[in-house]
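Q: Please take a close look at one part of this structure, starting from a single residue. I would like the cut-offs stated as you go.

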Amino acid sequence: MEIAPGIYSMTQRKGAYVHAFLLDDGDGLTLVDTLYDTDAHRVLAELDQIGKSVSDIKHIVMTHCHRSHLGGLALLKERSGAPVYAHQWEADLIAGERKQQPVAWRPYAPVRVWPLQIALNLGVARHPPATVDHFVQEGDQVGPLRVVACPGHSPGHLSFWWEQRRLLIAGDAICTWPSLMLGWRGFTLNPTQHRASVRRLAEFDSQILCVGHGEPLASDAAQAIRAALPSLDR
Ligand SMILES: [Zn+2]
Ligand SMILES: [Zn+2]
């Protein structure tokens, strides 16, 4: 679904209302994350609906390596021929060469993602592995997006900023499901890094906010993030 001109949001319930995004800057498509399902049918259907084909995808960029975001990656990489970009720390996880870093075993808010924490720690849901072609870091450019290092949720977690559109893609540093939360504590590997990262995201003059779990905010994003900042210290 088009949430703003050239910004398309895709979601599925499995993986906790996980989201992926297609961005059209007039010079091909950039795909951010790939949803849970391994057949990528929702991404392919969205391409169909907007009159594009899978070969229009020029870049596939990953916020981080958690299972919910990786499902369609291998298939979409193969079908599009597009290079995959991620932080180096996440790359061997994406390639299936390393086990996931365990997250908290105990429940935190929102308690309904607790089963996902357990599933991650037990390694029950594998993804089809894919090779990362380019390691990216703070300040790099991928299609229309500037890479924003955003460690905390995971060491190589990335956010993205499309200056011209005032679009912030926060990945899992911020969630809007089941309500706006500055990250899920049970999944945050380094809370100190995470708080610093979110404070930095709040400095962007963002209008639109896209997140890894939950619906995008289509307006006044920066105000919403800044208003939630006191919750970081609770
Ligand atoms: Zn995650
Ligand atoms: Zn996630």
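A: Cys210 is buried, with a relative accessible area of 0%; buried means under 20%, exposed over 50% and partly exposed in between, taken with a 1.4 Å probe on protein chains only. This is a predicted model, in which local features need pLDDT of at least 70 and side-chain atom pairs count only at pLDDT 80 or more, while totals for chains, interfaces and linings use all residues. Residues are numbered from 1 along each chain as its sequence is written, chains are lettered from A and ligands numbered from 1 in the order in which they are written, and side-chain values use heavy atoms, with hydrogens and water left out.

The sulfur of Cys210 is too far from other cysteines for a bond, because the closest cysteine sulfur, in Cys175, is 13 Å away. A disulfide here is a pair of cysteine sulfur atoms within 2.5 Å, and the structure holds zero of them. Cys65 is likewise in no disulfide, with the nearest cysteine sulfur, that of Cys150, 14 Å away. Cys65 is buried at a relative accessible area of 1%.

Next come the metals. Donors are N, O and S atoms within 2.8 Å of the metal (3.2 Å for Na, K and Ca), and water is not among the atoms, so sites may look incomplete. The zinc ion (ligand 1) has four protein donors at 2.1 to 2.3 Å: His64 (NE2), His66 (ND1), His153 (NE2) and Asp172 (OD). Along the chain they follow the spacing H-x1-H-x86-H-x18-D. The angles among the four donor atoms run from 92 to 166°, and the site is irregular. Four donors count as tetrahedral if all angles lie between 85 and 135 degrees; four count as square planar and six as octahedral if opposite donors are over 155 degrees apart and all others between 65 and 115; anything else is irregular.

Asp172 also bridges this zinc ion (ligand 1) and the zinc ion (ligand 2), the two lying 3.1 Å apart. His153 is in the loop between β9 (145-149) and β10 (158-162), and Asp172 in the loop between β11 and α7, so this pair ties together parts 19 residues apart in sequence. Helices (H or I, at least four residues) and strands (E, at least two) are DSSP runs, numbered from the N terminus. His153 and Asp172 are both buried.

The zinc ion (ligand 2) is coordinated at 2.0 Å by His69 (NE2), Asp172 (OD) and His213 (NE2). His69 sits in helix α3 (residues 67-70) and Asp172 in the loop between β11 (167-171) and α7 (191-203), so that pair links distant parts of the chain, 103 residues apart. The spacing of the donors of the zinc ion (ligand 2) is H-x102-D-x40-H. His69 is buried, as is Asp172.

Helix α3 is also part of what covers the buried residues of α4, as are β4, α2, β5, β6 and α5 (88-94). Those buried residues include Leu73, Ala74, Leu76, Lys77 and Ser80. After α4 comes Gly81, whose phi is positive, near 75°.

Notes. Contact means heavy atoms within 4.5 Å.
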